[in-house]
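Hi everyone, thanks for coming. Please have a look at the structure on the screen, and I'll walk you through a few parts of it.

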2 protein chains.
Amino acid sequence: MKEKLTVIKVGGKIVEEPDTLNQLLDDFSSLSGYKVLVHGGGRSATRIASQLGIESQMVNGRRITDAETLKVVTMVYGGLVNKNIVAGLQAKGVNAVGLTGADMNVIRSVKRPVKDIDYGYVGDVEKVDGKALADLIHRQIVPVMAPLTHDGNGNLLNTNADTIAGETAKALAEYFDVTLVYCFEKKGVLRDENDDDSVIPVLTPDLFKQYVEEGIVQGGMIPKLENSFSALDAGVSQVVITLASAIHKDSGTIIRK
Amino acid sequence: MKEKLTVIKVGGKIVEEPDTLNQLLDDFSSLSGYKVLVHGGGRSATRIASQLGIESQMVNGRRITDAETLKVVTMVYGGLVNKNIVAGLQAKGVNAVGLTGADMNVIRSVKRPVKDIDYGYVGDVEKVDGKALADLIHRQIVPVMAPLTHDGNGNLLNTNADTIAGETAKALAEYFDVTLVYCFEKKGVLRDENDDDSVIPVLTPDLFKQYVEEGIVQGGMIPKLENSFSALDAGVSQVVITLASAIHKDSGTIIRK
């Protein structure tokens with residue numbers, strides 16, 4: 001039987017505020033078993049870009065990444081946010097290593113082809129080296145992954161953190177019994193978006209289909225859940241959508257086949 | 001007999017210009033045997049700090065690192081410079097991993113005590129985990145080290161890249177036959193500072209003493225060479241001071257016991 005591993009994805013909001021970051025580091029370090037942390041950092045990137053006189057352009061929630069913006073996200077995601085998390089985890093006894101996709105060639109991507117929109121230096125994940133990550137993890141090292149990949153030709157590429165978490169979870173499913181946890185600003189997938197306690201405890205493909213038809217699940221949650229089911233299809237055992245403050249609890253929405 | 005390993009230290013000037021960086025990546029990737037790259041990045045840090053409205057204060061060539069400056073060097077050294085080197089080396093077939101001292105807890109330091117000058121968030125190296133680095137290196141992974149360490153309490157600390165290179169070389173001397181190469185803006189230690197070709201080919205402790213007495217070696221070169229002899233005392237096989245463009249050649253000044 002494979003050993004358990006948890007991949008936790010946290011957004012920028014959590015890791016950019018000292019209080020919520022500290023809480024996250026406590027909760028993450030108290031998680032038992034093998035684990036991986038994937039983080040965002042968009043708010044800091046927007047703030048530092050603005051201080052440097054670079055305007056942040058977003059399309060459908062994705063950052064248009066020109067050459068100057070790529071420098072900013074490389075600094076913020078790969079440096080400021082990532083290294084502070086790593087130092088914070090070390091202080092709590094977690095032997096973390098901060099990685100972009102370029103480090104040890106763990107995530108190769110291709111620059112997104114220009115169709116309607118030119119996203120610039122944005123990467124679509126091509127290959128995650130699950131073996132390289134599993135080797136580290138088996139040596140009790142905890143990868144902390146920044147949302148940056150590389151194309152193998154010397155170029156870093158800005159890459160969505162949800163995607164990194166999903167693709168990493170899939171690649172590690174060959175070596176571990178993987179739970180993928182998406183930290184969310186709500187307690188889980190809600191039945192009623194105005195009622196924070198209306199969490200749907202379990203979603204299966206059939207229930208998902210039913211809730212979409214009934215209009216209970218809609219909008220941006222649909223692609224998020226579709227990605228979750230695609231992770232399950234690729235061997236991930238379960239996906240959980242929950243609050244960052246609840247990663248060590250049995251709560252949120254559990255997505256299972 | 002121990003296997004050979006080369007620790008190369010390059011300053012900011014080399015890694016911050018695309019042309020010299022590219023040459024360095026070519027030269028470094030063509031070096032045979034185990035290797036480690038340690039880089040600076042001070043010029044970029046000064047430039048980005050200035051763009052962010054933070055004034056860079058230097059005392060004896062060392063940066064006074066207040067909380068805001070620490071964020072800048074974390075971004076620039078740990079993110080921008082380090083990750084671009086890593087991506088560049090991957091493109092040349094070198095399986096690089098970018099590390100600060102916090103990553104895998106490879107370099108612990110203590111915040112420099114305030115005497116005459118408060119350097120702020122600057123770390124004096126306490127311990128390099130040679131075993132953790134040697135484990136990576138034996139797995140054909142090439143550490144690329146940024147001049148940042150951590151104190152084990154969650155704080156990153158700005159740390160001189162020459163010191164990181166020297167302490168790393170010492171720690172690795174237990175596992176490898178280590179050559180430490182300091183890249184320099186001159187061809188080596190010069191007999192006559194106005195004659196770029198007056199390189200002293202070999203320095204031993206006796207010759208060093210003689211040259212200091214004769215005034216041939218003076219100024220900032222004295223502590224650099226003292227550090228080199230201290231590395232030799234700690235088990236490093238030889239130290240070389242040479243041009244970045246000459247790291248794959250037998251040139252420069254070789255410092256031996």
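Let's start with a helix pair in chain B: the axes of helix H5 (residues 130–138) of chain B and helix H6 (residues 161–172) of chain B come within 9 Å and cross at roughly 80 degrees. That makes H5(B) roughly perpendicular to H6(B), a label used for angles of 65 to 115 degrees. The axes are lines fitted to C-alpha atoms, for helices over the stretch in contact, with angles running from 0 to 180 degrees between N-to-C directions. Helices here are DSSP runs of H or I with at least four residues, strands are runs of E with at least two, and both are numbered from the N terminus.

Before going further, a word on what you're seeing: this is a predicted model, where local features need pLDDT of at least 70 and side-chain atom pairs count only at pLDDT 80 or more, while totals for chains, interfaces and linings use all residues. Residues are numbered from 1 along each chain as its sequence is written, chains are lettered from A and ligands numbered from 1 in the order in which they are written, and side-chain values use heavy atoms, with hydrogens and water left out.

Which residues bring H5(B) and H6(B) together? From H5(B) we have B:Gly130, B:Leu133, B:Ala134 and B:Ile137, and they meet B:Thr168, B:Ala171 and B:Leu172 in H6(B); contact means heavy atoms within 4.5 Å. By class, this contact has five nonpolar, two polar and no charged residues. Ala, Val, Leu, Ile, Met, Phe, Trp, Tyr, Cys and Pro count as nonpolar, Asp, Glu, Lys and Arg as charged, and the others, Gly among them, as polar.

Now to the sheet in chain B. This is an open sheet of eight strands with mixed pairing, in the order E5-E8-E2-E1-E11-E13-E14-E12. Strands pair if DSSP finds at least two bridges between them. At the edges sit strand E5 (96–99) and strand E12 (202–203) of chain B, each pairing on one side only. Helix H8 (residues 221–233) of chain B packs on the sheet, where H8 touches E11, E12, E13 and E14.

Within that sheet, strand E11 (residues 177–184) and strand E13 (residues 238–243) of chain B run parallel, joined by six bridges; B:Cys183 has B:Thr242 as its bridge partner. E13(B) also pairs with strand E14 (residues 253–255) of chain B, this time antiparallel, over three bridges. There, B:Val240 is partnered by B:Ile254.

In chain A, an open sheet has the strand order E5-E8-E2-E1-E11-E13-E14-E12. E12(A) pairs with strand E14 (residues 253–255) of chain A in the parallel sense, and A:Val202 stands opposite A:Ile254.

Finally, the interface: 35 residues of chain B are in contact with 35 residues of chain A. About 2,700 Å² is buried between them, 67% of it from carbon and sulfur atoms; buried area is the accessible area (1.4 Å probe) that two parts lose on being put together, summed over both.

Key: Angles under 35 degrees count as roughly parallel, over 145 as roughly antiparallel, 65 to 115 as roughly perpendicular and the rest as oblique.
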